[in-house]
Amino acid sequence: MVDLKGQYEHIKEQVDTSVLQVLESTAYINGPEVHAFQKELEEYLGVKHVIPCANGTDALQIAMMGLGLQPGDEVITADFTFAATVEVIALLQLTPVLVDVDPVNFNIDIEAVKKAITPRTKAIVPVHLFGLAANMDAIMELANEHDLYVIEDNAQGIGANYTSKDGTKTKTGAIGHVGSTSFFPSKNLGCYGDGGAIFTNDDDLAHTIRGIVNHGMYVRYHHDVVGVNSRLDSIQAAILRAKLPHLDTYNAARRNAARKYTQAFAGIEGIITPKGFCDVGNCVCDVCDCHVFHQYTLRITNADRDELVQHLNENNIPCGVYYPIPLHLQKAYADERYNEADFAVTNQLVKEVISLPMHTELDDEQIAFITETVINFVSK
Ligand SMILES: *Cc1c(COP(=O)(O)O)cnc(C)c1O
């Protein structure tokens, strides 16, 4: 699905030098590399504060802790996402409120969010799923209207731009009150272990969060709030510093591969290619930059998706099903509050979606082989 080795070969010299420098420096935790990466990411994202942490799941949890959400507060998020999003809501004893998604862009459905808002709702967590910016204008408008926090789960969307109605472009993760991301190796900006970060433009919130990631300490050995231990280590920061300057090129390579996939599938019955909600229509363009294709996800509408998975596997083509089970049907998150009729889209998507190999090193020959194999299967 990803070619981390090929990508590493291209930046090996710089990564190896930087990592060796950290080893020599012995500043393994909170060293200068971490601080430098933080500054560089702030600049790249155009956000006032980046707070690095141990992984993307912690980033979400810490964002929610920083906002002071309390047990029983309702937090609305998408039924169709990776479990980490709902996991931290439940872990903090907040009340997850899962809602359906949009069948075209796979992101949280705005009408469903509206319907789910109650006097106990405190936050909305949009996920920029598969690398496509969610409809942030509508989400921010709803949040302002109902006095809610917006926490962007940007684990799959780093580098994506969101173009607002007024034409301003903002990086995803820097639009809501707080954003989070993951540097898991296969993410668009991945390190060589675990890593994550929290973003905000709010000075007070940034201060609170800096304490939370460090055992609730603002002054050494004074623990003012209950915190956690969540740090990005210096070696990972050094790797991320070597990779960040390439992020736009990496994302362009992904978009380029996506464009070729979409061209090959054009007009093939039974295959729905990924699109965004933006005015440009087909987001496999460089005009809007709103999609960074963490995944290239098709909907297979008139063949058996699971048989296609098997067919691709037999042809040595990796593929993934993100995600095979709606969160509201997972044992850990099932709840009698939920009504099946409210999850029609997610229930359908879990049967139809398939993600094809997507990374920075895909070449034309690979894309041709993959697309031919898929088309042969659905056309048979
Ligand atoms: C990867 C991911 C996370 C969690 O990130 P980790 O670094 O693996 O903890 C959270 N949300 C989404 C949508 C993800 O894809």
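Predicted model: local features only at pLDDT ≥ 70, side-chain atom pairs only at ≥ 80, totals over all residues.
Visitor: Into which domains is the chain divided, and how many Å separate their centres?
Guide: The chain is divided into domain 1, which covers 4–99 + 106–245, and domain 2, which covers 247–378. Taken over C-alpha atoms, the separation of the two centres is 24 Å.

Visitor: How many residues of domain 2 are in contact with domain 1?
Guide: Contact here requires heavy atoms within 4.5 Å. Domain 1 contributes 44 residues to these contacts, and their partners in domain 2 number 36 residues.

Visitor: Which element gives the largest share of the lining of the largest pocket?
Guide: The lining comprises 25 residues, and Phe-82, Gln-156, Phe-184, Lys-187 and His-294 lie nearest the centre of the pocket. The elements that give two or more residues to this lining are α3 (56–66) and α4 (84–91). The largest share, 3 residues, comes from α3.

Visitor: How many residues of that lining are charged?
Guide: The lining residues divide by class into 11 nonpolar and 10 polar. The charged residues number 4.

Visitor: Which element supplies the largest share of the largest nonpolar core?
Guide: This core holds 33 residues, and those that touch the most other members are Ile-76, Phe-80, Val-99, Ile-108, Val-113 and Ile-139. At least two residues each are supplied by β2 (74–78), β3 (95–99), α5 (110–116), α6 (136–146) and α11. The largest share, 6 residues, comes from α6.

Visitor: Which tyrosine residues does Phe-80 touch, not counting residues up to four places away in sequence?
Guide: Among the residues that Phe-80 touches are Val-101, Phe-106, Leu-129 and Phe-130. Others include Thr-346, Leu-349, Val-350 and Val-353.

Visitor: Is Ile-317 buried or exposed?
Guide: Ile-317 lies in the loop between α10 (305–314) and α11 (344–352). Beyond four places in sequence, Ile-317 touches Leu-312, Pro-357, Phe-369, Ile-370 and Thr-373. The relative accessible area of Ile-317 is 3%, and the term buried applies under 20%. Ile-317 is therefore buried.

Visitor: How many Å apart in space are Ile-317 and Ile-370?
Guide: In sequence, Ile-317 and Ile-370 are 53 residues apart. From C-alpha to C-alpha, the distance between Ile-317 and Ile-370 is 6.9 Å.

Key. Residues numbered from 1 in each chain as written. Heavy atoms only, no water. Helix = DSSP H or I, 4+ residues; strand = E, 2+ residues; numbered from the N terminus. Buried < 20%, exposed > 50% of the residue type's maximum accessible area, 1.4 Å probe, protein only. 1 Å grid on protein atoms, 1.4 Å probe; cavity = no way out; pocket = protein on both sides within 12 Å on 5 of 7 lines; lining within 4 Å. Nonpolar A, V, L, I, M, F, W, Y, C, P; charged D, E, K, R; others polar. Core = buried A, V, L, I, M, F, W, Y, C linked by side-chain atoms within 4.5 Å. Domains from an automatic or database assignment.
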